[in-house]
Amino acid sequence: MESIIFFSIIILVASTLQTSTGFGFSIVATPFLLVLFEPREAIQINLILSLVISLSLIMKIKKDIDTGILKRFILGSLVGLPIGISIFLMLDMTLLKIGVSILILVLTVLLIMKFRISQSPGRDLGIGSVSGAFTTSIGIPGPPILLYFSGTDTAKEKLRGTTLAFYLWIYLVSLVIQVIFAGSSKEVWTSSAAALPIVILGLILGQLLFKWISQDLFRKLTYVLLFFSGLYLFMQQL
């Protein structure tokens, strides 16, 4: 019973954040899902539910999508996706998570210290590639894109719209790759199905929250989520 309650809280909080900000589901949910499930199951549940959220919102946010950046993210991800699944299948996941967590923490501190970068087509491709590798390896595509957009002071509407549209692509392809190369299980699909009503509630709450969040609060929430994800990933491996 405790596990069911814990699982429900994780999904509700994560889906609310994903809907209201365009990121947050994988950042918040994946570390905790790894406590309840094996890595393969945790990653695939995250991919399925994140895909559902993106599908549910795509028509509502399509006007906010920067199609140029989106196309370059997708092209870049074609390089990163096979790299990520190779990492998942071959490397020690503990070392990978420690490395990723340290990178997230360092970059988050730089952002808090007002480090900024300019957006360019080449950097779009690079971030898409890194995000693709993150998705198929640890199921968390958000940090590279979130760090990039935060560093360029992107408006919250553009960030949410472009990110959710990219997730629609990256989560679908990553799920197919995961199932083909790592296999799947009945638990993945039954747990995902059980979480759908909670995801729907999160969609409703997230839409209400998006209207209330200011750009400044949005930026601060970004920093908190990034720092939390990096710290939790690191502490989990100790």
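Q: In which loop does Leu91 lie?
A: In this predicted model, Leu91 is one of the residues that make a nonpolar surface patch. Helix α5 spans residues 93-112, and α4 covers residues 67-90. Leu91 is placed in the loop between α4 and α5.

Q: Which element gives the largest share of the nonpolar patch?
A: The patch, of about 760 Å², is made by Leu89, Met90, Leu91, Leu172, Val176, Ile180 and Phe181. Two elements give two or more residues to it, namely α4 (67-90) and α8 (156-182). The largest share, four residues, comes from α8.

Q: What is the volume of the largest pocket?
A: The lining of the largest pocket draws at least two residues from each of α5, α6 (121-138) and α7 (142-151). The volume of this pocket is about 220 Å³.

Q: Which residues are the closest to the centre of the largest pocket?
A: The largest pocket has a volume of about 220 Å³. Its lining consists of 13 residues, and the closest to the centre are Leu107, Ile127, Pro144, Leu147 and Tyr148.

Q: How many residues of the lining of the largest pocket are nonpolar?
A: The elements that each supply at least two lining residues are α5, α6 and α7. The lining holds no charged and no polar residues, and its nonpolar residues number 13.

Q: How many salt bridges does the count come to?
A: Side chains of opposite charge can pair when their charged atoms come close. The criterion applied here is a side-chain nitrogen of Lys or Arg within 4 Å of a carboxyl oxygen of Asp or Glu. By this rule, the salt bridges number three.

Q: How many residues apart are Lys158 and Asp66?
A: Lys158 forms a salt bridge with Asp66, with the closest N and O atoms 3.2 Å apart. This pair links distant parts of the chain, since Lys158 is in helix α8 and Asp66 is in the loop between α3 (39-61) and α4, and the two are 92 residues apart.

Q: What is the relative accessible area of Asp124?
A: Asp124 meets Arg72 in a salt bridge, at 2.8 Å from N to O. The pair links distant parts of the chain, with Arg72 in helix α4 and Asp124 in helix α6, 52 residues apart. Arg72 is partly exposed, at 24% relative accessible area. Asp124, in contrast, is buried, with a relative accessible area of 0%.

Q: Is Trp169 buried, partly exposed or exposed?
A: Trp169 is found in helix α8. From Pro143 it is 26 residues apart in sequence and 17 Å apart in space, C-alpha to C-alpha. With a relative accessible area of 28%, Trp169 is partly exposed.

Note on methods:
Residues are numbered from 1 along each chain as its sequence is written. This is a predicted model: local features need pLDDT of at least 70, side-chain atom pairs count only at pLDDT 80 or more; totals for chains, interfaces and linings use all residues. Side-chain values use heavy atoms; hydrogens and water are left out. Patches are made of residues with over 30% relative accessible area and no salt bridge: like charges are joined within 9 Å, nonpolar side chains (Val, Leu, Ile, Met, Phe, Trp, Tyr) within 5 Å. Accessible areas come from the Shrake-Rupley method with a 1.4 Å probe; for residues, only the protein chains shown count as cover. On a 1 Å grid over the protein atoms alone, a cavity is a set of points where a 1.4 Å probe fits but cannot get out, and a pocket is an open set with protein on both sides within 12 Å along at least five of seven lines; lining residues have an atom within 4 Å of a point. Grid points are joined across faces, edges and corners, and a volume is the space filled by probe spheres set on the points. Ala, Val, Leu, Ile, Met, Phe, Trp, Tyr, Cys and Pro count as nonpolar, Asp, Glu, Lys and Arg as charged, and the others, Gly among them, as polar. Buried means under 20% relative accessible area, exposed over 50%, partly exposed in between (1.4 Å probe, protein chains only).
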